[in-house]
Amino acid sequence: MGSGAGTFLKVLFKNIDVLAGPVVSLAYPLYASVRAIETKSPVDDQQWLTYWILYSLITLFELTFAKVLEWIPIWSYVKLIATCWLVIPYFNGAAYVYENFIRPFFVSRQTVNIWYVPRKKDVFSKPDDILAAAEKYIEEHGSDEFRRLISKADGGVKSRSSGYVFDSDGNRH
C-alpha cells in the first residue's frame with residue numbers, strides 16, 4: 001500500500017506541468033479577468049490584459065518552434081514557472097513586463113515601430129479645443145494681440161468692442 005502512494009506521488013510530480021499548467025495559465029486567469037472586468041480599478045485590467053497578450057505570444061512562440069521545443073525536456077517546467085510569475089498577484093509579473101518592456105516599445109517616440117502609427121491630434125477636432133486655445137493665447141499675450149492675430153488671418157476685421165479695423169499687419173485704423 002505504501003508503494004502505491006509513492007507511485008502516485010511520483011506520477012503526480014512527474015506530470016505536475018500537465019496538471020498545473022491549465023489551471024495556472026487558463027483557469028485562474030479567466031476567473032481573475034472576469035473579476036477585473038467587474039471592478040472599476042484600471043490596475044487589475046492592465047494586469048490581465050497584459051497577461052493575455054503575453055500568453056498569446058508564448059502560445060505563438062510554442063506553435064512556431066514546436067519541433068525545436070520537443071528537444072528541450074525542461075521547456076514545460078520553464079513555461080509553468082514563467083506563467084506562475086506572470087499570474088500570481090504577489091509577483092505581478094504581467095504588469096512588470098508591460099511597464100518595462102511593452103509600454104516603452106509602444107510609447108517611446110525614439111523607437112521605430114512599423115506596427116504603431118500615432119494618431120495625429122487635430123487641433124480643431126472639437127469646438128472646445130478652439131476656445132481653450134484662444135483663451136490660453138489671450139491669457140499669455142493679451143486681447144489686443146489676439147485681435148491682431150485674428151485680423152492678420154482674416155485680412156482685416158472690424159473689432160466689435162472698439163469699432164477699429166485692423167489691417168493684415170495688425171495696425172488699427
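The legends below describe close-up views of a predicted model.

Residues are numbered from 1 along each chain as its sequence is written, and side-chain values rest on heavy atoms, with hydrogens and water left out. Local features need pLDDT of at least 70 and side-chain atom pairs count only at pLDDT 80 or more, whereas totals for chains, interfaces and linings use all residues.

**View 1. Overall secondary structure of the chain.** The chain comprises eight helices and two strands, where helices (H or I, at least four residues) and strands (E, at least two) are DSSP runs numbered from the N terminus. Along the sequence the pattern is α-α-α-α-α-α-α-α-β-β. Of the 173 residues, 18% count as buried; buried means under 20% relative accessible area, exposed over 50%, and partly exposed in between, with a 1.4 Å probe and protein chains only. Among contacts (heavy atoms within 4.5 Å) between residues at least 6 apart in sequence, 38% join residues at least 24 apart.

**View 2. Segments annotated as transmembrane region.** The unreviewed UniProt entry places this feature at residues 18–37, 49–68 and 74–98; such annotations, given here in the numbering of the model and with shortened feature names, may be inferred rather than shown by experiment. Residues 18–37 are 100% helix and 0% strand, with the end C-alpha atoms 29 Å apart. Residues 49–68 are 95% helix and 0% strand, and their end C-alpha atoms are 29 Å apart.

**View 3. The largest nonpolar core.** This core has 11 residues: Ala32, Ala36, Trp48, Tyr51, Leu54, Tyr55, Leu86, Val87, Ala94, Val97 and Ile102. A nonpolar core is a set of buried Ala, Val, Leu, Ile, Met, Phe, Trp, Tyr and Cys residues joined through side-chain atoms within 4.5 Å. Two or more residues come from each of H2 (16–38), H3 (42–64), H5 (75–87) and H6 (93–107), and H3 gives the most, with four residues. Leaving aside neighbours within four places in sequence, Tyr51 is in contact with Val24, Ser25, Pro29, Thr83, Leu86, Val87 and Ala94.

**View 4. Packing of H3 against H6.** The two helices pack at an angle of about 75 degrees, with their axes 8 Å apart. Axes are lines fitted to C-alpha atoms, for helices over the stretch in contact, and angles run from 0 to 180 degrees between N-to-C directions. H3 and H6 are therefore roughly perpendicular to each other, a term covering 65 to 115 degrees, while angles under 35 count as roughly parallel, over 145 as roughly antiparallel and the rest as oblique. Gln46, Gln47, Thr50, Tyr51 and Leu54 of H3 meet Ala94, Ala95, Val97, Tyr98, Glu99 and Ile102 of H6.

**View 5. Ser33 and its partners.** Ser33 lies in helix H2 and counts as buried, at 14% relative accessibility. Its side chain makes a polar contact of 2.7 Å with the side chain of Trp52. A polar contact is a pair of N or O atoms within 3.5 Å; within protein, one must be able to donate a hydrogen and the other to accept it, and residues adjacent in sequence count only if both atoms are side-chain atoms. Not counting residues up to four places away in sequence, Ser33 touches Trp48 and Trp52.

**View 6. Asn92 in the loop between H5 and H6.** Asn92, located in this loop, has a positive phi of about 55 degrees although it is not a glycine. Asn92 is partly exposed, with a relative accessible area of 31%.

**View 7. Arg147 in helix H8.** Arg147 belongs to H8 (residues 143–154) and is partly exposed, with a relative accessible area of 26%. The side chains of Arg147 and Asp144 are joined by a polar contact of 2.8 Å.
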